[in-house]
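Take a look at the protein model below. Keep the sequence at hand while you read.

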Amino acid sequence: MKHISQSLVFSSHAKQLFSFFAKVWILILVLSSSTEAQTLDNLISSVGLDKTDTVIMSDSLTQRPLTLEEIIRRNETYFEQLQVGRSRLLRVYDTTYLSVEIPIIERIIERINESFESAEISFNLQYLNELENLMDGYGVQVNRWQNEINKRTENYLEIGRNIVEIRNSYNERVSFVDSVALPILNLQWDLLYTRLNKTDSVYRHHHSFAIDLQSKLSGLVIGINDVKDEVREKRQLIRSRLLQKESPYIWQKEATGESDPILSLLTDSLTLNKVILRSYLNRNISYAVLIIFLGIGLYIWFTWLIKTISREKEFSTVILERTNYLTFSPLICTFLSILTLTPYILPYPPNTVIFSSLFGMAACSTILLRQVLFTKVFRLWVFMVLSLVIFGVSNQLIEHSFQERFYLIGLSVIGIAIGLNALHLISKKPDHYPQYLIYLIYLYLSMQSLSVLFQLFGRFSLGKLLAVTSTLSTMQAISLYMFVLVIMEALYLQSEVAQSNQKEFTNYLNYKNIYRRLNKIFITLAVFMWVYFLTLNLSIDDYIFNTISTFLSEERTIGNSSFTFGSILVFILVIWVASVLAKNIAYFATIKDSEKADLRDKRLGSSILLIRLAVLIVGFFAALTFSGISLDKLAIVLGALSVGIGFGLQTIVNNLVSGIILAFERPIQIGDAIEVGGRSGVVKEVGIRSSTLQSYDGSEVIIPNGDLLSQHLINWTLSDRKRRIEIIIGVAYGSNLKLVQEVLLEVMKKNEILSLPEPRVFVHNFADSAVEFRLLFWVSNFDTWLGVKNQVMLDTYLAFDASGIEIPFPQRDIHVRTDISDKPSDSKEEI
């Protein structure tokens, strides 16, 4: 490297020195001449050339001859290109890992092919799946290496093209430049030629090495694809023979015979899994680091939530008591979350990683469930964990061992008994368990029963597959549900931390609503995760994927339009996601608004409708983009909709437009107390088509948005939440009216009653049985007016009683007539 750097420095100094002298020399020649001809003659004579040589030089060129200064500048450019190219070639690229990894992969592929040819291993589905996972991982790795080498090769090819261009220029120079003439220019050519040869030598070495690597990697790709094709063929053959008898019936004497002991198979399987796991971790160390940092982040988040609520919230006990697992052990919840996500973060994880993650999930769930399960139920869970270990280890065997059938049948029978016992316990207290747990147990019992049946009648592979899958899938489903509960608890605590007021916390009804909404979303995601691994355990994932992919991607034609079910499915899914997002964003924004009931200008209110519309519109155009539906087809659909609007959708469109007008004009907000169409209550939601009114008796009234604009609307809280209260009170005739006014004014001197506007008392009416007084006063909060009115009336009654003021009751004169012939007589009865 020292020699190379010295050479680069020398060439740079030589080039600069030559350029300086050449430019000075040309400048002197130009200044010393008065015409172009004189300049040319002086130039020719100065370098020892006659005019005949000049003519030969000009004739040899196909275009205008380059001036001496242009040749120098071009050579300087060549020097720079060679210097940059040489530095790029000498840049150190670490390829030692390739010299180590490529032979390892080649040996593994060779060993797998030998086992295929010799048939020394009785392949099972699990072993073939492991091989395919291994080859998929190698394929991704080799593809990454190929991309790196291809980029490097492209870089080399660019340098090679520059070298060819410079060499051609040098060869052209020899044809018209005398080697004796122009000594300074000739020196530059010599330096350029030396640099060219050195750079060319380095280029050829690196380019040859890159080509060799490309060849080896191409060979690896071919070998990997050959192994994957062979694996698919053998797996398809095994699947086609699953229902065929492959071992003696359980009651036959031959059923106990076994060529290879199970311990030997377990040792060989352990060795193979160690090789696969070591190779996998070496290839994906960056993902392992990512998982570790993700776990640290989750643990910090969980502990921060708990500490923040405990330190800052006045009702921290109430909030934390709503969680069962996160407050018990944030560390265990962190491990559960990371182990759940690991198989989905890692690319093409081998079965060993999947089983280890599942066992870790079950162990963490065991610790957490110990706090909430009854003793009998917890014992059943512990047995399921033990079954998971045995079935999981059995699933790691690379070959069949028919001795396993006795252990597996015994475990399956015990598992059936456990499942029936679990159903009995759930039937006693169904509210204590998840809603869909009973269906999961039914699936487990069905698969275990079929497993016993198939193994009894010699279908060992199919029986083992069902037994292992039922156990692993059941445990994974329960552990996934535990993970969902932990994440929902964390999100709930985060929502409580987000509330600025120390005394504020989500009320019970909102808490239950939030729980139900989050539960639906995360349970849906967990179901998809569980179904994926269910198909993976049954070894039908590729078959289902290929079948669905073919069905969705096949192009279909109706008239002149072509489509695929895949594009329709993508469109529906994106619209569904947008609608779910819009609905949940609106719901949580509504909850936030309800916490600011007294601050109307700080609430989103009906603007939530605009947010929902924006999310739906963005989702609609995203669905069009992702599904590939063209705008001309959309125009046809919109044209059909316009016809429908003209005939039968006027009301719906009217309500939609009215909702948009309500969102912009904001005559009502969520949380406003209104009266419309004889109905009164609090606005709960302003929807796209209709709005929801929560009446004071608890019922919810759905009002079309068009009615809110077309009918007279009373909004008690539009500009503020103050309300005037009117009370009519009667006193007996003969009472001291001045005293009555003083007593009533004294009663209305309360903190809840505003002093401005001032409370007033008026003589309202001389009724039949009383002199009526009219009380008028204001309260600051609309929500409290009934309580204030109640208190004023109670205090009025007590004050009248203490002052001797009578509140009269109605009096009537009744005339009773006994006989028309009798003398008239008056009978007066007071009631």
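The model is predicted: local features need pLDDT of at least 70, side-chain atom pairs count only at pLDDT 80 or more, and totals for chains, interfaces and linings use all residues. Residues are numbered from 1 along each chain as its sequence is written, and side-chain values use heavy atoms, with hydrogens and water left out.

**Aromatic pairs**

- Rings of Phe, Tyr and Trp (its six-membered ring) pair if their centres lie within 6.5 Å. Planes under 30 degrees apart count as stacked, over 60 as edge-to-face, and the rest as tilted.
- This rule gives seven aromatic pairs.
- One of them joins Trp301 and Phe302.
- Trp301 has 24%, so Trp301 is partly exposed. Phe302 has 0%, so Phe302 is buried.
- Why is the pair of Phe571 and Phe620 edge-to-face? The planes of Phe571 and Phe620 stand at 80 degrees, with the ring centres 6.0 Å apart, so the pair is edge-to-face.
- This pair links distant parts of the chain. Phe571 sits in helix α19 (residues 565–594) and Phe620 in helix α20 (residues 607–627), 49 residues apart. Helices (H or I, at least four residues) and strands (E, at least two) are DSSP runs, numbered from the N terminus.
- Phe620 is partly exposed, because its relative accessible area is 27%.
- Tyr344, Tyr532 and Phe533 form a cluster, linked by ring pairs.

**A charge over a ring**

- A charge sits over a ring if NZ of Lys or CZ of Arg is within 6 Å of the ring centre and within 35 degrees of the ring normal.
- Arg370 lies over the face of Phe378, 4.8 Å from the ring centre.

**Thr308**

- Thr308 belongs to helix α9 (residues 285–312).
- Thr308 counts as buried, because its relative accessibility is 4%.
- Which residues does Thr308 contact, leaving aside neighbours within four places in sequence? They are Lys313 and Val497. Contact means heavy atoms within 4.5 Å.

**Ser695**

- Ser695 is part of strand β5 (residues 690–695).
- Ser695 has 10% relative accessibility, so Ser695 counts as buried.
- Ser695 and Ala673 are 22 residues apart in sequence, and 9.4 Å apart in space, C-alpha to C-alpha.
- Leaving aside neighbours within four places in sequence, Ser695 is in contact with Ser680 and Gly681.

How values were computed
Buried means under 20% relative accessible area, exposed over 50%, partly exposed in between (1.4 Å probe, protein chains only).
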